[in-house]
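Below is a short report on selected local features of one model. It covers a ligand site, a loop residue, a helix and an aromatic pair.

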Amino acid sequence: MFDVAVVTLLPELIEPVAQWGVVGRACERGLIRVTCVSPRDFAPDPHRTVDDRPYGGGPGMVMKYAPLRDAIRAAQGSQPPGCRAYLLSAQGRVLDQSLVEELAGAPGLLLVAGRYEGIDERVVTHLGIEELAVGEYVLSGGEIAAALVIDAVARLLPGVLGHEASAQQDSYTTGLLDSPHYTRPERVDGLDVPSVLLEGNHEAIRRWRLKQALGRTWLRRPALLAKRTLSDEEAQLLEEFKAESGLGPDRHDQ
Ligand code: 9D3
């Protein structure tokens with residue numbers, strides 16, 4: 001059982017992730033557990049205050065240290081030993097698939113999602129928590145980011161995906177983008193499925209898919225290709241793709 005604890009003021013944003021789809025099924029089958037702990041339950045005053053004005057002035061409110069500390073300790077108390085803790089934060093290391101794989105190798109995970117303008121820095125400096133970002137854009141809080149981490153990690157856990165091969169075969173594992181998919185009907189709105197997929201020659205299909213994956217990666221994510229060494233077959237298929245496309249890669253990701 002992989003144990004995820006989320007410290008959050010908005011458990012309603014996390015809970016549906018544990019109820020639906022791949023993660024929902026994994027929860028039902030006892031492969032993963034997602035528990036939310038609210039800092040509000042650890043605020044001692046009658047108003048259950050969890051935020052306060054920033055020292056030094058400035059806009060917005062800051063999440064107070066003590067309710068977060070107590071919520072984090074309570075969450076850690078019901079987790080297996082050796083679980084790492086992460087604060088979802090725009091200032092953190094940006095998540096990628098290799099980090100997702102590392103997280104999925106642990107017995108569980110503690111995620112702290114912040115709201116307001118920020119959280120008291122002493123949570124990071126004194127509670128053994130690392131900061132983790134999910135991309136280069138600005139969110140309004142950490143919950144959607146925490147849900148994203150849970151989704152990405154859950155699908156790598158043993159038994160979670162029905163089709164074990166899918167987790168191994170996807171883009172960021174092979175270092176290539178996926179090839180196109182088609183399903184019935186063969187023709188719709190005058191649009192045909194590529195004939196190679198209908199002809200049942202499995203070797204031809206394998207080479208077509210590999211060529212499409214290489215071509216799309218070259219066009220859309222050339223930096224991914226640069227990180228990867230191509231086999232002789234792959235190099236030849238990519239040359240064919242380039243010759244047929246008459247296009248060049250765009251460089252949005254460089
Ligand atoms: C506009 C507010 N910013 C002032 C310069 C600071 C700020 C506060 C709170 C920016 C973002 C947030 C909320 N974001 C997250 O909690 C967050 C996040 C993100 O914004 N981007 C990428 N990854 C993450 S993980 C958590």
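How far is a nitrogen atom of the ligand from a polar backbone atom of V134? The distance is 3.0 Å. This is a predicted model, in which local features need pLDDT of at least 70 and side-chain atom pairs count only at pLDDT 80 or more, while totals for chains, interfaces and linings use all residues. Residues are numbered from 1 along each chain as its sequence is written, and side-chain values use heavy atoms, with hydrogens and water left out.

**Ligand site**

There are 16 residues around the ligand. A residue is near a molecule if one of its heavy atoms lies within 4 Å of it. E117, V134, Y137, L139 and G141 come nearest.

| Ligand atom | Residue (polar backbone atom) | Distance |
|---|---|---|
| nitrogen | V134 | 3.0 Å |
| nitrogen | Y137 | 2.7 Å |
| oxygen | G142 | 3.3 Å |

**Q79**

Q79 is found in the loop between helix 3 and strand 5 (84-94). Helices (H or I, at least four residues) and strands (E, at least two) are DSSP runs, numbered from the N terminus. Q79 counts as buried because its relative accessibility is 10%. Buried means under 20% relative accessible area, exposed over 50%, partly exposed in between (1.4 Å probe, protein chains only). A polar side-chain atom of Q79 lies 2.9 Å from the backbone oxygen of D3. The backbone oxygen of L109 is also 2.9 Å from a polar side-chain atom of Q79. Neighbours within four places in sequence aside, Q79 is in contact (heavy atoms within 4.5 Å) with D3, V4, A5, G108, L109 and L110.

**Helix 3**

Which residues of helix 3 are buried? They are P67, L68, A71, I72 and A75. Seen down the axis of helix 3, these buried residues fall within an arc of 130°, so they line one face of the helix. The arc is that of the directions from the helix axis to the C-beta atoms. On the other side of helix 3, R73 and G77 are exposed.

**Aromatic pair**

The whole structure holds 1 aromatic pair. W218 sits in helix 9 (residues 202-220) and F241 in helix 11 (residues 232-245), 23 residues apart. Rings of Phe, Tyr and Trp (its six-membered ring) pair if their centres lie within 6.5 Å; planes under 30 degrees apart count as stacked, over 60 as edge-to-face and the rest as tilted. Both W218 and F241 are buried.

Note on methods. Polar contact = N/O pair within 3.5 Å; in protein donor to acceptor, adjacent residues only side chain to side chain.
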